[in-house]
Amino acid sequence: METNPDVVVIGGGPAGLSAAAWCADLGLSAVLIEEGDAPGGQLHSINNPIVNYPGLEAANGREFAASLLRWQEQFAFRQMLGTRVESIGAEPLAVRTETGEEFRPSAVILATGVSRRKLGLRGEDELVGKGVLRSGAGQREEAKGKHVIIVGGGDAAIENALILGEHAEQVTVIHRSREFRARPEFFAKAKAAGNVELRTESFLTAIRGEERFEGVDVAGPGGTGDSIDADLLLVRIGFKPNSELLRGLAELDVSGYVHVDVNSETSIPMIYACGDVANPISPTISTATGMGATAAKAIAARLSDR
Ligand SMILES: Cc1cc2nc3c(=O)[nH]c(=O)nc-3n(C[C@H](O)[C@H](O)[C@H](O)COP(=O)(O)OP(=O)(O)OC[C@H]3O[C@@H](n4cnc5c(N)ncnc54)[C@H](O)[C@@H]3O)c2cc1C
């Protein structure tokens, strides 16, 4: 195995796949390391049709991923799946995996994306598949005749309230702030729906249920407390960047997103970041693949100058 490739790409979502393919196309040797069993990243959790990627439409993220994977097959780069990168070193540049392999590349591209934020309550992970939903759109049939609790106040929370509300007997949305951040048209529809209750200035203090989700305990305005019995729970409280590998090494913003320049280079020379992990403003597939191409082009230019 080559331990000194030109580039190590960390993460096999749209940004990482694009970056590795562009590296190969530009004549650079590249190794892509992805912790999941298959590349594609968040594409695997998109159930909506994808209509906003220029020139390519797909019925859902899995169909889009299949198309992306067919495309990248023509480019020769090494892929290590099921492998998590544990650390990055800057001097000298090094990438270490959890299985103890170490690479000494000329450049690193971090394309580790984002993860859904969690409440941090017991039951949130343990009861997944036992009443705690992973997806509203993908599991809407399960909501038939049920009471669903949704936590969050942005587009994802309210859009899921509308989707699940088509089937559920009742949906209760619990949001910790006074105002909802969701776009006005979603919010207006949710307010008008007869079976959607919107609770503000409230937060969960416990998820109840041992074998199955049974309900939640909620703290409300002015120190009030309440216990709500329900059948299903969906948490949609935003995303956090997977930037731990650069914490203490490169500049991050207050929310942990990686600062990059116009070439997708971080504050550490020859460490690049692309896609959602470096893009709080426009977390989209087209931005991710574009940033991957930018990073590869910039690295190729830098290495040819040496
Ligand atoms: C429900 C939903 C709907 C969406 N709909 C659209 C849409 O319609 N149009 C659109 O343009 N965008 C949409 N998006 C956003 C789009 O999916 C993202 O912008 C895009 O996937 C970002 O790509 P990425 O490569 O930066 O990150 P990701 O897709 O998050 O991929 C990151 C990869 O890095 C891997 N990784 C993380 N840490 C490590 C590590 N330490 N070691 C190894 N691997 C690691 C992860 O396993 C993951 O595979 C949607 C997202 C969601 C969740």
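A residue is called buried when its relative accessible area is under 20%, exposed when it is over 50%, and partly exposed in between, with a 1.4 Å probe and protein chains only as cover. Helices (H or I, at least four residues) and strands (E, at least two) are DSSP runs, numbered from the N terminus.

The structure is a predicted model, in which local features need pLDDT of at least 70 and side-chain atom pairs count only at pLDDT 80 or more, while totals for chains, interfaces and linings use all residues. Residues are numbered from 1 along each chain as its sequence is written, and side-chain values use heavy atoms, with hydrogens and water left out.

The buried residues of α3 are A157, I158, N160, A161, L162, I163, L164 and G165. The elements that cover these residues include the strands β11 (147-151), β12, β13 (196-199) and β17 (232-235), together with helix α4. H175 lies in the loop between two of these elements, β12 (170-174) and α4 (184-192). With a relative accessibility of 4%, H175 counts as buried. Contact means heavy atoms within 4.5 Å. Leaving aside residues up to four places away in sequence, H175 touches G152, G153, F180, R181, R199, T200, E201 and S202.

One of these contacts of H175, E201, lies in the loop between β13 and β14 (203-208). The relative accessibility of E201 is 33%, so this residue counts as partly exposed. Its backbone is also of note: phi of E201 is near 50°, a positive value in a residue other than glycine. Most residues other than glycine have a negative phi, and most peptide bonds are trans. A positive phi is also found at S264, where the value is near 70°. S264 is placed in the loop between β18 (239-241) and β19 (271-273) and is buried, at a relative accessible area of 3%. A cis peptide bond runs from E91 to P92, with omega near -5°. P92 belongs to the loop between β6 (85-89) and β7 (94-97).

Two strands pair if DSSP finds at least two bridges between them. Strands β14 and β15 pair in the antiparallel sense over five bridges, and F203 has A219 in β15 as its bridge partner. The hairpin of β14 and β15 has six residues between the strands, and G209 takes a positive phi near 125° there. Strand β15 (residues 215-219) is in turn joined by five bridges to β16 (residues 225-229), and these two strands run antiparallel. A219 stands opposite G225 in β16, and V216 has I228 as its bridge partner. Five residues lie between the strands in the hairpin of β15 and β16, where G222 has a positive phi near 65°. Four of the five residues of β15 are buried, and the strand is mostly covered.

An oxygen atom of the ligand is 2.9 Å from a polar backbone atom of A15, and a nitrogen atom of the ligand is 3.1 Å from a polar backbone atom of E35. In the side chain of Q42, an N or O atom is 2.9 Å from an oxygen atom of the ligand. The protein buries 87% of the 1,000 Å² that the ligand exposes when taken alone, with accessible areas from the Shrake-Rupley method and a 1.4 Å probe.

G36 is found in the loop between β2 (30-33) and β3 (50-53). At a relative accessible area of 22%, G36 is partly exposed. G36 touches L81 and G82, not counting residues up to four places away in sequence.

Key
A polar contact is a pair of N or O atoms within 3.5 Å; within protein, one must be able to donate a hydrogen and the other to accept it, and residues adjacent in sequence count only if both atoms are side-chain atoms.
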